[in-house]
Amino acid sequence: MGPDVGTAPRAAASPGADSRSALRRLAGTRETSVIGALVVAVLAASLLVEGFASGRNAGFLILDIATIALIALPMTLIVITGEIDLSVASTLGLTSAVMGQLWVMGLPLETIVPLCVLLGVVLGAVNGLLVTVAGLPSLAVTIGTMAMYRGLAYVVLGDRAVADFPFEWTGGATARIPGTDLPWVVLLIAVLGGVFGVVLHATPVGRSLFAIGSNDEATRFSGISVAWTKLWLFVASGAVAGLAGVFWTLQYGSARADNAFGLELSVVAAVLLGGVSIFGGKGALPGVLAGVLLLGVIRNALSLADVSSDVLSIVTGVLLVVSVVLPTTITRLRERRPRAAPS
């Protein structure tokens, strides 16, 4: 029986019905699917892979994905606006090379670290200006700067490796929180994740990012400065990539021009795996963090099972393809599904 439209006010839905409806909506989101897949992967790895379910291994897993998690935070906001930054790993590599060269020149690390973050800001601003002022597509721009920044890293440091950083800095990068097996960097990820999460999901700026990703022309006519918004996103991406370069160098105790080579694929795979649409306009930061963890769990379990690094690269590529193809296929199937006739 259909509702008595026009004869009486529609009865308010009961609190129970509202709760069930909210749960159904929550269960149908991409983020919930990713979190479910993460739980399944953790349970399967714990049962099948020796040494996975230990606090010590959890600490190593967090350290392994820390750089990806940091860079994925601003990358999420960029992809939601319909853009992409493929130069993040090269920014990290150039930052690491400059850090090593400045250390060789005798500068203290207290001065080098902020300079490296500032370098990341400049590199991100170059990307942002080319995209917003020159009007070039971010895919082409950041592919170009990816090669340029990596080449500059080799100009700065060549094939050398600088590995004589003081132990109090390198040991501090991998130190555990007292009483736990978790490294201190997890707090940095939590703080930055909270900041980016609040900006994206609880401010007008965040809502404008979704609007830009859905239709940037309409958003521009609504009075939002699309160019400035995208420029600051690329600056933020560069700053975090510079910070990640400092962390990477201290974590492995080595500054090299080829540090984090190819890491941009893992970052993009984690972001798309976490439910962010490659076409922009959709996504959530909790899903991305779950995607980073899922990628890390799979790679960690395969490593413990003595799977070669070549296979790990293949797995990352497969996850990247699946995270793009699967949502598109589901959307097309839903569009082809015949709608129910109105009662």
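**Spans, patch and a loop serine**

Analyst: This is a predicted model. Take residues 311-330: the span is 100% helix and 0% strand, with its end C-alpha atoms 28 Å apart.

User: What does UniProt list residues 311-330 as?
Analyst: The unreviewed UniProt entry lists them under "transmembrane region". Other stretches in that record include 34-53, 112-136 and 231-248.

User: How far apart are the end C-alpha atoms of 231-248?
Analyst: They lie 25 Å apart. That span is also 100% helix and 0% strand.

User: New topic. Which residues form the nonpolar patch on the surface?
Analyst: Leu115, Leu118, Val122, Val126, Leu130, Leu136, Met148, Leu152 and Val155. Together they have about 740 Å² of accessible area.

User: Which helices supply at least two residues each?
Analyst: Helix 5 (109-132) and helix 6 (138-157). Helix 5 gives the largest share, five residues.

User: And Leu152, where is that found?
Analyst: Leu152 is in helix 6. It counts as partly exposed because its relative accessibility is 37%, between the 20% and 50% cut-offs.

User: Switch to Ser277. Buried or exposed?
Analyst: Ser277 counts as buried, because its relative accessibility is 18% and the cut-off is under 20%. Ser277 sits in the loop between helix 12 (263-273) and helix 13 (285-304).

User: Which residues does Ser277 touch?
Analyst: Leaving out residues up to four places away in sequence, Ser277 touches Val79 and Lys282.

User: What lies 3.1 Å from a polar atom of its side chain?
Analyst: The backbone nitrogen of Phe279.

Methods
Residues are numbered from 1 along each chain as its sequence is written. This is a predicted model: local features need pLDDT of at least 70, side-chain atom pairs count only at pLDDT 80 or more; totals for chains, interfaces and linings use all residues. Side-chain values use heavy atoms; hydrogens and water are left out. Patches are made of residues with over 30% relative accessible area and no salt bridge: like charges are joined within 9 Å, nonpolar side chains (Val, Leu, Ile, Met, Phe, Trp, Tyr) within 5 Å. Accessible areas come from the Shrake-Rupley method with a 1.4 Å probe; for residues, only the protein chains shown count as cover. A salt bridge is a side-chain nitrogen of Lys or Arg within 4 Å of a carboxyl oxygen of Asp or Glu. Helices (H or I, at least four residues) and strands (E, at least two) are DSSP runs, numbered from the N terminus. Buried means under 20% relative accessible area, exposed over 50%, partly exposed in between (1.4 Å probe, protein chains only). UniProt positions are given in the numbering used here, feature names are shortened, and annotations may be inferred rather than shown by experiment. A polar contact is a pair of N or O atoms within 3.5 Å; within protein, one must be able to donate a hydrogen and the other to accept it, and residues adjacent in sequence count only if both atoms are side-chain atoms. Contact means heavy atoms within 4.5 Å.
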